[in-house]
2 protein chains.
Amino acid sequence: MTDIMSREIQLVSRPNGMPTAANFAIATTKLEPLQEGQVLVRNLYMSVDPYMRGRMSDRKSYVPPFALGKPLDGGAVGEVIESHAKEFKQGDVVISSLGWREYFIAAPKALHLVSPDIQPLSVYLGALGMTGMTAWAGLNLVEVKDGDVIFISGAAGAVGSIAGQLAKLRGCRVIGTAGSAEKVKFLQEECGFDIAFNYKTAPIIEQLNQAVPDGIDVYFDNVGGETLEAALSVLRTYGRIIACGGISGYNEESPQAGPSNLFNMITKRLTMKGLIVSDFLDLQDKFEQEVGSYFRDGKLKNKETVVVGIDQAVSAFIGLFAGKNIGKMVVKLD
Amino acid sequence: MTDIMSREIQLVSRPNGMPTAANFAIATTKLEPLQEGQVLVRNLYMSVDPYMRGRMSDRKSYVPPFALGKPLDGGAVGEVIESHAKEFKQGDVVISSLGWREYFIAAPKALHLVSPDIQPLSVYLGALGMTGMTAWAGLNLVEVKDGDVIFISGAAGAVGSIAGQLAKLRGCRVIGTAGSAEKVKFLQEECGFDIAFNYKTAPIIEQLNQAVPDGIDVYFDNVGGETLEAALSVLRTYGRIIACGGISGYNEESPQAGPSNLFNMITKRLTMKGLIVSDFLDLQDKFEQEVGSYFRDGKLKNKETVVVGIDQAVSAFIGLFAGKNIGKMVVKLD
């Protein structure tokens with residue numbers, strides 16, 4: 001192995017409110033020589049996800065905060081360049097949580113082998129990756145079933161677009177909201193949503209009441225805020241809420257007030273359940289089998305917004321909060 | 001049957017904010033002659049409960065609003081004065097939802113026979129009545145079990161005091177909050193709470209952090225507002241919330257903001273479930289058997305605050321919102 005120079009993105013200061021380019025730096029690191037039992041991987045695609053914003057703040061949460069002056073991490077798909085471990089050979093395609101860098105050396109247990117037959121390989125960051133599994137786990141968490149009316153916010157995003165398509169495959173009536181006419185069209189024409197609307201063009205509660213005068217059974221929440229409040233208002237008795245994300249509040253400098261109508265939890269006997277996909281890793285094979293089968297059969301679209309080059313990763317990440325992605329935002333490493 | 005004159009309390013205007021005596025009137029009604037298949041009942045005790053406040057506003061909810069110019073209704077224990085129905089005989093003790101009046105005539109299906117062996121009969125409005133069953137159903141709803149640490153707000157109230165005692169009987173560590181030193185003493189000395197504190201003497205979150213530095217598994221919410229926010233902060237991963245009441249907000253003139261830290265639902269994978277006791281009426285026999293047995297064995301205290309006379313019912317009801325009750329507030333009809 002000759003010297004490998006790997007570019008990586010580091011967090012250099014913690015964002016206060018919306019992250020800016022100044023919170024990040026690009027650095028070049030020379031990798032150590034490969035040791036026995038180690039694998040050298042070149043990343044092909046890396047993931048940028050809204051949840052990473054939480055890790056940029058220094059507070060206790062379900063994953064530790066990113067360290068300053070160190071590379072960020074997150075989902076990535078790569079190919080094995082050289083292996084000194086019996087578990088992998090050159091050319092293998094692997095997923096890892098060592099994104100935000102071009103190359104890395106790791107032990108086999110940090111890698112998960114995937115089939116290169118499915119293309120583009122970035123699907124392992126989307127429909128068949130963490131965001132797809134989040135959608136799938138969320139529907140299972142509150143037992144979404146045939147006949148349910150489900151409302152999905154952030155519906156054109158990586159989680160929402162898969163959740164909606166999976167809900168359609170389960171026989172649900174699916175309503176989604178997104179932030180542009182193009183996204184609404186995507187939901188209606190490509191994802192098969194029964195109704196989709198642009199939350200920016202009129203008050204959410206008005207549009208939602210018009211879309212579902214008889215109410216909803218399930219709310220898949222990716223955004224929080226005003227949309228959660230509207231959903232609480234239209235949920236039917238015994239309705240369920242999948243609390244999956246709250247992107248509307250991730251960049252607020254101080255905590256925002258919660259919905260003023262949370263009392264609906266009582267009067268309608270609602271159930272709200274919080275979801276973190278890492279709780280479901282023991283079901284990964286089941287997920288890959290079920291959702292992989294839908295994908296191979298052409299029943300599930302893995303929409304992506306792809307940017308190219310590690311030097312574009314930060315702007316891709318920041319772009320998530322401006323809704324610049326349709327489907328999964330991924331960075332293709334050149 | 002001679003003419004029966006019955007005093008009753010009517011709602012004459014809808015409260016805006018805190019109810020006042022002017023929203024109510026006392027009226028005397030002459031009962032119709034008893035028909036075949038009907039039963040005449042004299043109420044002995046009637047219930048005043050915080051949930052009744054919701055029914056005084058004219059809005060859609062899980063029970064219809066009270067009508068203006070008509071008697072209020074609610075739980076009551078009475079004795080059969082005369083029966084023209086085979087199901088009941090004179091002297092029987094019955095519970096009904098026809099409180100706020102001294103006498104009434106009803107069909108048998110509106111009455112539920114109870115044993116007069118348990119005294120005072122007002123226990124059927126408390127530990128063995130709707131509020132006791134609410135406590136019992138709430139613990140079952142989120143599967144409260146041996147070893148759980150449970151925090152209960154409004155703990156000296158009708159629901160909270162029973163919930164805490166039942167939780168102790170299940171082997172839980174029980175923490176409660178109430179609004180006076182006398183109530184705190186009641187929780188510690190009579191109900192066996194492990195820790196109780198007065199939420200008025202220092203910020204709730206501070207007292208709660210001190211009481212449970214390792215967090216709680218379950219929050220039984222009777223009050224909402226700031227206490228819910230504090231509970232969200234101290235709940236452990238996979239914690240559960242019983243959304244039972246929100247008395248802190250019942251008299252607000254406009255909707256109040258929800259907790260600013262609802263995002264804990266996601267990061268801690270919490271479950272919140274709304275509770276209305278009427279969903280569990282099919283379990284009433286099981287409840288009466290289990291909790292009745294605790295009560296008869298002296299394992300469960302049915303603390304009451306009793307006021308006397310139907311003309312005191314309105315002030316007893318309004319007093320609920322000033323925390324004038326310890327345990328169940330009941331009105332003894334003279």
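In this predicted model, the largest cavity is lined by Gly126(A), Ala127(A), Thr131(A), Ala158(A), Ser161(A), Ile162(A), Lys301(A), Asn302(A), Lys303(A) and Lys328(A). Its volume is about 40 Å³. One cavity of 30 Å³ or more is present in the structure. The element that gives the most to the lining is helix α3 (residues 158–169) of chain A, with three residues. Rolling a probe the size of a water molecule over the atoms shows where empty space is left.

Chain A is divided into two parts, domain 1 (5–126 + 302–332) and domain 2 (132–278). Their C-alpha centres lie 28 Å apart. Contact between them involves 18 residues of domain 1 of chain A and 14 residues of domain 2 of chain A.

The largest nonpolar core comprises 53 residues. Tyr124(A), Ile150(A), Ile152(A), Leu166(A), Leu187(A) and Phe220(A) have the most contacts inside this core. Helix α2 (residues 130–141) of chain A supplies the largest share, six residues. Both domain 1 and domain 2 of chain A give residues to this core, so it lies between them. Leu166(A) illustrates the packing. Beyond residues up to four places away in sequence, Leu166(A) touches Ala135(A), Trp136(A), Leu139(A), Val291(A), Tyr294(A) and Leu300(A). Another core, of 52 residues, lies apart from the largest one. Its members include Val174(B), Val184(B), Ile242(B) and Val330(B). In soluble globular proteins, nonpolar side chains tend to be buried together.

The relation between the two chains was examined next.

Phe263(A) makes contacts across the two chains. Leaving aside neighbours within four places in sequence, Phe263(A) is in contact with Gly245(B), Gly246(B) and Tyr250(B). Phe263(A) sits in the loop between β12 (235–243) and α7 (264–267) of chain A. Its relative accessibility is 36%, so Phe263(A) counts as partly exposed. The C-alpha atoms of Phe263(A) and Leu232(A) are 8.9 Å apart in space, with the two residues 31 apart in sequence.

Several backbone features stand out. A cis peptide bond joins Gln119(A) and Pro120(A), with omega about -5 degrees. Pro120(A) belongs to the loop between β7 (112–114) and α2 of chain A. In chain B, the peptide bond from Gln119(B) to Pro120(B) is cis, with omega near -10 degrees. Pro120(B) lies in the loop between β7 (112–114) and α2 (130–141) of chain B.

Positive phi angles were also found. Glu143(A) is not a glycine, yet has a positive phi of about 55 degrees. This residue is placed in the loop between α2 and β8 (149–152) of chain A. With a relative accessible area of 61%, Glu143(A) is exposed. Tyr238(B), also not a glycine, has a positive phi of about 65 degrees. Tyr238(B) is found in strand β12 (residues 235–243) of chain B. Its relative accessible area is 47%, so Tyr238(B) is partly exposed.

Notes
Residues are numbered from 1 along each chain as its sequence is written. Chains are lettered from A and ligands numbered from 1 in the order in which they are written. This is a predicted model: local features need pLDDT of at least 70, side-chain atom pairs count only at pLDDT 80 or more; totals for chains, interfaces and linings use all residues. Side-chain values use heavy atoms; hydrogens and water are left out. A nonpolar core is a set of buried Ala, Val, Leu, Ile, Met, Phe, Trp, Tyr and Cys residues joined through side-chain atoms within 4.5 Å. Buried means under 20% relative accessible area, exposed over 50%, partly exposed in between (1.4 Å probe, protein chains only). Helices (H or I, at least four residues) and strands (E, at least two) are DSSP runs, numbered from the N terminus. Domain bounds come from an automatic or database domain assignment. Contact means heavy atoms within 4.5 Å. On a 1 Å grid over the protein atoms alone, a cavity is a set of points where a 1.4 Å probe fits but cannot get out, and a pocket is an open set with protein on both sides within 12 Å along at least five of seven lines; lining residues have an atom within 4 Å of a point. Grid points are joined across faces, edges and corners, and a volume is the space filled by probe spheres set on the points.
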